[in-house]
Amino acid sequence: MQIPPRESDRRRLALSVIACSVVSLPFALAGLRYSILIPFAWIMGWLEYRAWKRRREARRAAAESGPGEGVEVEMPNVSPLYASLSEEDAAHFRSLAAVFLNEHPVTAIAGAEVSDRTKAIVAAAAVTLLWGRPEWEYPAFGEVLIYPGIFSDDGSFRLVRNRGERGVLGMAHGLGVVILSLPHLEGSPGLSLALHELAHILDGPRETDGIPSQMTKAEKQEWAAVMEAETGKGLPGREDLPRHSEERPAEFFAEAADMFFTRPALLASRRPALYDALVKVFRQDPSSCRRIQESPEAPPACREDTPPPASSPPQT
Ligand SMILES: [Zn+2]
């Protein structure tokens with residue numbers, strides 16, 4: 001998730017002109033009868049460039065205006081990463097949070113109320129996952145729906161009001177929507193819940209195989225090999241993860257991503273090979289407080305493990 005500089009507009013305009021020229025050339029060579037199609041090629045190119053520029057301007061405007069004062073106040077309370085950053089990096093974190101909230105609205109459903117804290121938790125999770133991967137986006141992803149409680153995962157998405165009835169507290173839907181239970185987002189498991197569901201979005205809109213869709217082919221192969229070796233071992237404190245179902249790789253990745261950011265010391269000590277692989281996946285190293293960059297600046301302060309969430313209904 002990047003905030004594009006204005007200079008990139010001129011480069012994109014030049015590429016659009018080149019593309020239109022290349023598309024027009026065969027029509028020009030085919031003679032006068034086909035040259036009538038040339039203006040259409042240039043009109044289509046211009047419309048595409050205008051749409052691209054509008055999206056970029058909206059992203060820059062959101063970054064400059066920030067996520068809002070209330071969200072900024074809550075951010076250090078909900079995000080260990082944000083709290084550890086220098087002022088310059090924190091300002092960039094806030095800009096990315098504003099971009100995320102502008103492009104992926106956090107919407108209340110069925111009587112829930114979205115507060116600045118709600119937005120801060122969701123945005124902090126979204127930015128944390130991409131902090132070391134600025135080239136990544138949330139693919140084919142729309143909005144975040146906030147429910148007032150646990151909801152059914154049988155396709156009806158109705159609120160679960162009866163004790164003993166099956167329900168879930170979070171879900172990443174295949175249509176590109178994340179659904180979260182408000183009391184669990186603002187209580188326990190809190191940030192973990194948002195990290196888990198947004199990690200599913202990074203997994204990919206088509207294949208949910210536990211392998212982020214935006215990794216390179218070589219990175220995917222390396223991470224797949226680690227998953228193959230590590231998935232059967234489970235995760236510290238999460239022995240209830242599905243071990244034999246089709247959900248296994250996707251759930252393992254989502255839960256490992258959550259643990260990587262919220263309990264990095266525990267994961268690094270109990271599953272060092274998995275932890276080292278996740279350092280490469282996310283290009284961050286929360287346990288040793290080093291941000292993986294080509295030219296590392298002064299590292300942020302260490303992040304402590306957060307307490308494990310209380311036992312609660314499942315996430316999907
Ligand atoms: Zn899940």
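In sequence, the donor residues of the zinc ion follow the spacing H-x3-H-x50-E. The structure is a predicted model, in which local features need pLDDT of at least 70, side-chain atom pairs count only at pLDDT 80 or more, and totals for chains, interfaces and linings use all residues. Residues are numbered from 1 along each chain as its sequence is written, and side-chain values use heavy atoms, with hydrogens and water left out. The protein contains 13 helices and 6 strands; these are DSSP runs numbered from the N terminus, with helices (H or I) of at least four residues and strands (E) of at least two.

**Zinc site**

- The zinc ion is coordinated by H196 (NE2), H200 (NE2), E251 (OE) and E251 (OE), at 2.0 to 2.5 Å.
- Donors are N, O and S atoms within 2.8 Å of the metal (3.2 Å for Na, K and Ca), and sites may look incomplete because water is not among the atoms.
- The arrangement is irregular because the 4 donor atoms subtend angles of 54 to 142° around the zinc ion.
- Four donors count as tetrahedral if all angles lie between 85 and 135 degrees; four count as square planar and six as octahedral if opposite donors are over 155 degrees apart and all others between 65 and 115; anything else is irregular.
- Helix α9 (residues 191–203) holds both H196 and H200, which are 4 residues apart, about one turn of the helix.
- H196 is buried, at a relative accessible area of 1%, and H200 is buried as well, at 8%.
- Buried means under 20% relative accessible area, exposed means over 50%, and partly exposed lies in between (1.4 Å probe, protein chains only).

- D258 belongs to helix α11 (residues 248–262) and is buried, with a relative accessible area of 2%.
- Leaving aside neighbours within four places in sequence, D258 is in contact (heavy atoms within 4.5 Å) with S192, L195, H196 and R263; H196 is also one of the residues that coordinate the zinc ion.
- The side chains of D258 and S192 make a polar contact at 2.8 Å.
- A polar contact is a pair of N or O atoms within 3.5 Å; within protein, one must be able to donate a hydrogen and the other to accept it, and residues adjacent in sequence count only if both atoms are side-chain atoms.

**Aromatic pairs**

- Rings of Phe, Tyr and Trp (its six-membered ring) pair if their centres lie within 6.5 Å; planes under 30 degrees apart count as stacked, over 60 as edge-to-face and the rest as tilted.
- By this rule the count is 14 aromatic pairs.
- The pair of Y147 and F151 is tilted, because the ring centres are 5.0 Å apart and the planes stand at 50°.
- Y147 is buried at 9% relative accessibility, and F151 is buried at 0%.
- F261 and F282 form an edge-to-face pair, with 5.1 Å from centre to centre and 70° between the planes.
- F261 lies in helix α11 and F282 in helix α13 (residues 272–282), so this pair ties together parts that are 21 residues apart in sequence.
- F261 is buried, with a relative accessible area of 3%, and F282 is buried with 0%.
- A cluster linked by ring pairs consists of W223, F253, F260, F261, Y275 and F282.

**Loops and backbone**

- S79, in the loop between α4 (69–78) and α5 (80–83), is buried at 1% relative accessibility.
- Not counting residues up to four places away in sequence, S79 touches F93, A124 and T128.
- G174 lies in the loop between β3 (170–173) and β4 (177–181) and is exposed, with a relative accessible area of 66%.
- A cis peptide bond with an omega of about 15° joins S188 and P189, and P189 sits in the loop between α8 (182–186) and α9.
- A110 is not a glycine, yet has a positive phi of about 55°; A110 is located in the loop between β1 (106–108) and α7 (116–130) and is exposed at 54% relative accessibility.
- R283, likewise not a glycine, has a positive phi of about 55°; R283 is found in the loop between α13 and β5 (284–285) and is partly exposed at 29%.

**Whole protein**

- Of the 316 residues, 45% count as buried.
- Among contacts between residues at least 6 apart in sequence, 65% join residues at least 24 apart.
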